[in-house]
Number of protein chains: 2
Amino acid sequence: MELRHLRYFVAVAEMENVSRAAMQRLHVSQPSLSRQIRDLEDEMGVQLLERTAKSVRLTEAGRAFLDEARAILKHTDEAVSKVRAIAGKSQTELHIGDWPLATGRVMPSLLRAYQQAMPNTKVKVHDWPGRDKHCRSARWSIAARDHSSSAQGKRARGAPV
Amino acid sequence: MELRHLRYFVAVAEMENVSRAAMQRLHVSQPSLSRQIRDLEDEMGVQLLERTAKSVRLTEAGRAFLDEARAILKHTDEAVSKVRAIAGKSQTELHIGDWPLATGRVMPSLLRAYQQAMPNTKVKVHDWPGRDKHCRSARWSIAARDHSSSAQGKRARGAPV
DNA sequence: TAAAAATACTCCATAGGTATTTTAT
DNA sequence: ATAAAATACCTATGGAGTATTTTTA
């Protein structure tokens, strides 16, 4: 079981509706979410939801698991915060890759908007190729995941675009 | 962050050695484990390990996170047990696919050995193809994951072997 | 110089997507 | 008739593998 399943289950359980949870809260497709919830149930060997035509309802086990899932997610969030605090990181650093065509076009407004939304995150822009040590390991969280044009998008473990 | 990362980190932290944790406890390759631990550190933005040539040592943040990770994993185990109990499943059912060639050759000793190791797990063997409702969703946990002969192995979402 | 970790790729399992069908109201 | 969930199938992300190189006690 993975934490993703818990996040998914909590969303579905709270909304009692797979389609809306998928679209509005989790931003994944309805079939994908249905599948993940079913996999979770299979793995636990416990039915968590009762499916009806118009929605979905929690079983007794599902209600209990909702409480547990929330608690576990909270637990992990707090654990990360605590450990970050110990490491002396009150501010998060977000490193993002930059590529020439976007510089000066979308980046300024993008950065401004992001800074506003996440004031505790410090954004660092890197050129590519570069000698910068961060280029080895950073995860490019802003780069849009684009299915139509395969030129861009998050490309883990490789060269940032 | 996913629970897998926590399991991996706990193993590495307890053994203070990536290679041995990979081989002996987690049964994954050393590079894969190194990568996952590094990804975890990147995602948290906190250095958890100090790498030396002969081993690996926990940082202060790492020590704190070890406690947290253990607690979270325990929390999830207990949550699953609790919910399983509510659903009235004291015994786990393991459904495995069967195929003619193996029947009568490896299955009997395999089942005997498994039953001994996991007395609380009830193993059910299914023919294929079959009308059985379990054939839709069961996860075939016993089927060996074999990289050399691609004929078998866990094949999620499809027809069991 | 011998371990342990890091790096550089390759591969494939599976999360996620689109299209469609089923189901219950 | 409609809205939600299930099913079928496809794509491609990223976890895991093998081979190799770097590091330092």
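**View 1. DNA strand D and the residues around it.** With four residues, α3(B) gives the most to the surface near DNA strand D. Here, near means that the C-beta atom of a residue, placed from the backbone, lies within 6 Å of the strand; helices (H or I, at least four residues) and strands (E, at least two) are DSSP runs, numbered from the N terminus. This is a predicted model, in which local features need pLDDT of at least 70 and side-chain atom pairs count only at pLDDT 80 or more, while totals for chains, interfaces and linings use all residues. Residues are numbered from 1 along each chain as its sequence is written, and chains are lettered from A and ligands numbered from 1 in the order in which they are written. Look for A:Val18, A:Pro31, B:Ser29, B:Ser32 and B:Ala53, which come nearest of the 25 residues around DNA strand D. Two or more residues of this surface come from each of α2 (18-26) and α3 (30-44) of chain A and α3 (30-44) of chain B.

**View 2. DNA strand C and its surroundings.** Around DNA strand C there are 26 residues, and A:Ser29, A:Pro31, A:Ala53, B:Val18 and B:Pro31 are the closest. α3(A) provides the largest share of the surface near DNA strand C, four residues. At least two residues each come from α3 of chain A and from α2 (18-26) and α3 of chain B.

**View 3. Chain A beside chain B.** A rotation of 180 degrees, with 0.0 Å of shift along its axis, superposes chain B on chain A with an RMSD of 0.1 Å (least squares on the C-alpha atoms of residues with pLDDT of at least 70 in both copies). The two copies are thus related as by a two-fold rotation axis. The same surface serves both, as 100% of the contact residues of chain B recur in chain A; contact means C-beta atoms, placed from the backbone, within 7 Å. Chain B brings 30 residues to the contact and chain A brings 31 residues. On the side of chain B that touches chain A, α4(B) gives the most, with 14 residues.

**View 4. A closer look at B:Leu33.** Not counting residues up to four places away in sequence, B:Leu33 touches B:Tyr8, B:Val12, B:Val18, B:Ala21, B:Ala22, B:Leu26 and B:Val28.

Terms used:
Contact = placed C-beta atoms within 7 Å.
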